[in-house]
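Me: I have a structure open and want to go through it piece by piece. Can you take some quick questions?

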Amino acid sequence: MLVITRREGEEVVIGDPEKPLGFVRIASIKGDRVRLAFSFPREIKVHRREVADLILQDKPSVVGSIRPAGGGSS
């Protein structure tokens, strides 16, 4: 496991720097809470560990999809 130190606003590049798979940015740090911002193509799935574990246990009811932000209702 790679462990690095970053400050708020700094990024980590995932993959080849010339053609990265995505980026992880430290969005904010407040007390013992760190907010991360992920920027990846939609075809690359990103899950919190507890959600990934539920998916592996074949409990797909917790799996949702991210919809583009917009003002319309469905």
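Me: Where is arginine 7 found?
Reply: Arginine 7 is in the segment before β1. Keep in mind that this is a predicted model.

Me: Is arginine 7 buried or exposed?
Reply: Arginine 7 counts as exposed, because its relative accessibility is 63% and the cut-off for exposed is over 50%.

Me: How far apart are arginine 7 and isoleucine 26 in space?
Reply: Their C-alpha atoms are 6.8 Å apart, while in sequence the two residues are 19 residues apart.

Me: And which residue is the bridge partner of isoleucine 26?
Reply: Leucine 36, in β3. The two strands involved, β2 and β3 (residues 33-39), pair in the antiparallel sense over 7 bridges.

Me: What sits between those strands, in the hairpin of β2 and β3?
Reply: There are 2 residues between the strands. In that hairpin glycine 31 takes a positive phi near 65°.

Me: Back up a bit. How many helices and strands are in the protein?
Reply: The protein has 1 helix and 3 strands. Along the sequence the pattern reads β-β-β-α.

Me: What is the order of the strands in the sheet?
Reply: β1-β2-β3, in an open sheet of 3 strands with antiparallel pairing. The edge strands are β1 (11-16) and β3, each of which pairs on one side only. Neighbouring strands of this sheet are turned by 20° against each other on average, direction ignored.

Me: How many bridges join β1 to β2?
Reply: 6 bridges, with the two strands running antiparallel. As one point along β2, glycine 22 stands opposite isoleucine 14.

Me: Now serine 28. Which strand is it in?
Reply: Serine 28 is in strand β2, which covers residues 19-30.

Me: Why does serine 28 count as buried?
Reply: Because its relative accessibility is 11%, and buried means under 20%.

Me: What does serine 28 touch, leaving out residues up to four places away in sequence?
Reply: Serine 28 touches Glu8, Arg33, Val34 and Arg35.

Me: And isoleucine 29, buried or partly exposed?
Reply: Isoleucine 29, also found in strand β2, is partly exposed, with a relative accessible area of 38%. In general, side chains in a regular strand alternate between the two faces of the sheet.

Me: Which residues make the nonpolar surface patch?
Reply: Ile14, Leu21, Ile29, Val34, Leu36, Phe38, Ile44 and Val46 make a nonpolar surface patch of about 660 Å². The elements giving two or more residues to the patch are β2 and β3.

Me: Which element gives the most to the nonpolar patch?
Reply: β3 gives the most, with 3 residues.

Me: Changing topic to charges. How many salt bridges does the structure hold?
Reply: The structure holds 4 salt bridges. As background, side chains of opposite charge can pair when their charged atoms come close.

Me: What does glutamate 50 form a salt bridge with?
Reply: With arginine 48, where the closest N and O atoms are 3.3 Å apart. Arginine 48 is exposed, with a relative accessible area of 56%, and glutamate 50 is partly exposed at 44%.

Me: And what does arginine 6 meet in a salt bridge?
Reply: The side chain of glutamate 10, at 3.5 Å, N to O. Arginine 6 is partly exposed with a relative accessible area of 36%, and glutamate 10 is partly exposed with 25%.

Me: Last one, on the whole protein. What share of the residues count as buried?
Reply: Of the 74 residues, 8% count as buried. The protein exposes about 7000 Å², and carbon and sulfur atoms supply 53% of that area.

Key: Residues are numbered from 1 along each chain as its sequence is written. This is a predicted model: local features need pLDDT of at least 70, side-chain atom pairs count only at pLDDT 80 or more; totals for chains, interfaces and linings use all residues. Side-chain values use heavy atoms; hydrogens and water are left out. Helices (H or I, at least four residues) and strands (E, at least two) are DSSP runs, numbered from the N terminus. Buried means under 20% relative accessible area, exposed over 50%, partly exposed in between (1.4 Å probe, protein chains only). Contact means heavy atoms within 4.5 Å. Two strands pair if DSSP finds at least two bridges between them. Patches are made of residues with over 30% relative accessible area and no salt bridge: like charges are joined within 9 Å, nonpolar side chains (Val, Leu, Ile, Met, Phe, Trp, Tyr) within 5 Å. Accessible areas come from the Shrake-Rupley method with a 1.4 Å probe; for residues, only the protein chains shown count as cover. Axes are lines fitted to C-alpha atoms, for helices over the stretch in contact, and angles run from 0 to 180 degrees between N-to-C directions.
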